[in-house]
Amino acid sequence: MPAVPKVSRSAVIAVAIFLAAHLALLIGLATPDKFVFDEVHYVPAARQLLGSTLSQPMLNPMHPPLAKELIAASIATFGDNALGWRYPATLFGALAIVAIYLCGLALFAAQGPAIAAAMIAAFNQMLYVQARIAMLDIFALGFGLLATAAFMHGFRRERPHALFALAGALFGLAASCKWSGLFPLGVCIAIVAVVRLMQSWHTLFADAKPSDWYRPDLWPDFRLHHVALCFAALPALTYLVAFVPLYGLSLPDLIEAQRRIFADNTTTAIAGHTYMSSWPSWPLLARPVWFLFDKTAEDNVSAVVFLGNPLVAWPALLALVVVLRDFIVGRRWDAFLIAAFFFGPWLAWALLPRTLGFIYYYLPAATAASLALVYVLRKERLPRWLLWAYVGVAAIGFAAMLPISAAFVGTSMQTFNRLMLFQSWI
């Protein structure tokens with residue numbers, strides 16, 4: 001029997017990962033059958049898009065429309081109910097897990113570590129919770145991670161044109177869900193700019209190695225107009241297409257929509273919020289967000305807490321120290337890309353003037369951190385079983401946190417209080 005080609009094997013595994021993740025995310029999705037947290041903003045905005053004419057005032061104008069359009073399409077298909085609101089989030093949650101698998105293939109060139117990275121990302125709880133609620137972040141994450149995977153696969157190629165173009169188009173779709181989708185696009189632009197700058201300076205490493213993140217012969221035919229097309233024109237085009245169902249081709253309306261989004265997303269927030277937190281605290285899981293907390297019986301609650309799996313989130317910080325060391329000292333290209341796509345989307349929040357922040361803004365960086373864990377656990381001097389043992393540990397942590405991550409599970413107040421390890425989590 002002939003061997004299955006490598007590309008076909010990867011495609012089969014990607015489809016299997018998608019189906020398994022999608023089915024897992026669907027379990028208990030319709031519980032509760034009422035709005036959870038910010039669904040109160042986004043579902044009415046999606047309903048508004050289903051009207052024969054767009055009513056005024058427009059609901060939720062502070063975010064681009066694509067994610068809300070996808071929710072609207074789901075409502076039209078499955079009905080105006082909890083399943084209809086949340087179903088597309090499960091699709092993009094599964095796509096995000098597949099995207100981590102594809103990133104792992106680019107970085108590690110092996111199926112095992114790539115699958116492990118996808119499993120760790122799935123067990124980090126953050127993605128699971130966000131993929132089961134009708135909010136915008138999971139859509140931006142799915143598109144953004146697929147774009148990141150395309151960029152990573154093109155990074156070491158002599159002709160990255162097609163993959164970089166695909167990345168740019170997908171980043172535009174991520175931004176048309178939520179402007180934070182622009183952060184990883186900015187990382188790509190910064191990487192290309194640094195490489196081209198060093199090449200213009202004729203920079204050479206005295207002890208050049210194949211694993212270096214920078215090479216003077218990198219992308220020899222990738223010209224300035226290619227950069228503009230892949231990372232400016234294509235993202236802008238796919239971004240603006242999402243507005244056409246709302247405004248047609250009216251340039252004044254398109255400009256006004258962007259002005260409103262910019263104003264709403266760069267204004268410093270004055271009023272506080274119960275669950276607000278600042279960007280330095282997110283990797284430490286210092287302040288979670290309670291999406292749902294309902295008493296279902298005298299001693300039972302139905303809870304959804306956006307927190308993350310401590311057995312993944314905290315070890316990832318140690319792994320990132322090793323990644324940074326290998327990037328700075330060893331100049332490794334894989335460590336460089338992992339660090340770039342972790343720190344870029346996270347630290348970008350430090351540049352915004354608004355003070356209102358939430359830990360779910362950390363979702364893209366936290367998901368990319370799974371790559372750092374695999375990078376460290378597959379080092380040559382470590383036994384091969386250690387990576388899979390850690391995947392098992394992550395799964396145990398996920399199972400332990402599931403009662404406060406999925407409303408359909410339910411839990412006792414005693415278990416809930418036991419899982420709230422710190423005062424700041426309450």
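Tyr 128 and Phe 398 are both buried (under 20% relative accessible area with a 1.4 Å probe, protein chains only; over 50% is exposed, in between partly exposed). The model is a predicted one, in which local features need pLDDT of at least 70, side-chain atom pairs count only at pLDDT 80 or more, and totals for chains, interfaces and linings use all residues. Residues are numbered from 1 along each chain as its sequence is written, and side-chain values use heavy atoms, with hydrogens and water left out.

Phe 37 and Phe 291 are likewise both buried. Tyr 128 and Phe 398 form an edge-to-face aromatic pair, with 5.3 Å from centre to centre and 90° between the planes. Ring centres of Phe, Tyr and Trp (its six-membered ring) pair within 6.5 Å; planes under 30 degrees apart count as stacked, over 60 as edge-to-face and the rest as tilted. Tyr 128 sits in helix α6 (residues 126–130) and Phe 398 in helix α16 (residues 385–401), 270 residues apart; helices here are DSSP runs (H or I, at least four residues) and strands likewise (E, at least two), numbered from the N terminus.

Turning to helix packing, α9 (residues 182–200) meets α10 at an angle of about 165°, their axes 11 Å apart. Axes are lines fitted to C-alpha atoms, for helices over the stretch in contact, and angles run from 0 to 180 degrees between N-to-C directions. The angle therefore makes α9 roughly antiparallel to α10 (over 145 degrees; under 35 is roughly parallel, 65 to 115 roughly perpendicular, the rest oblique). Leu 185, Cys 188, Ile 189 and Val 192 of α9 touch Val 227, Phe 231 and Pro 235 of α10, contact meaning heavy atoms within 4.5 Å.
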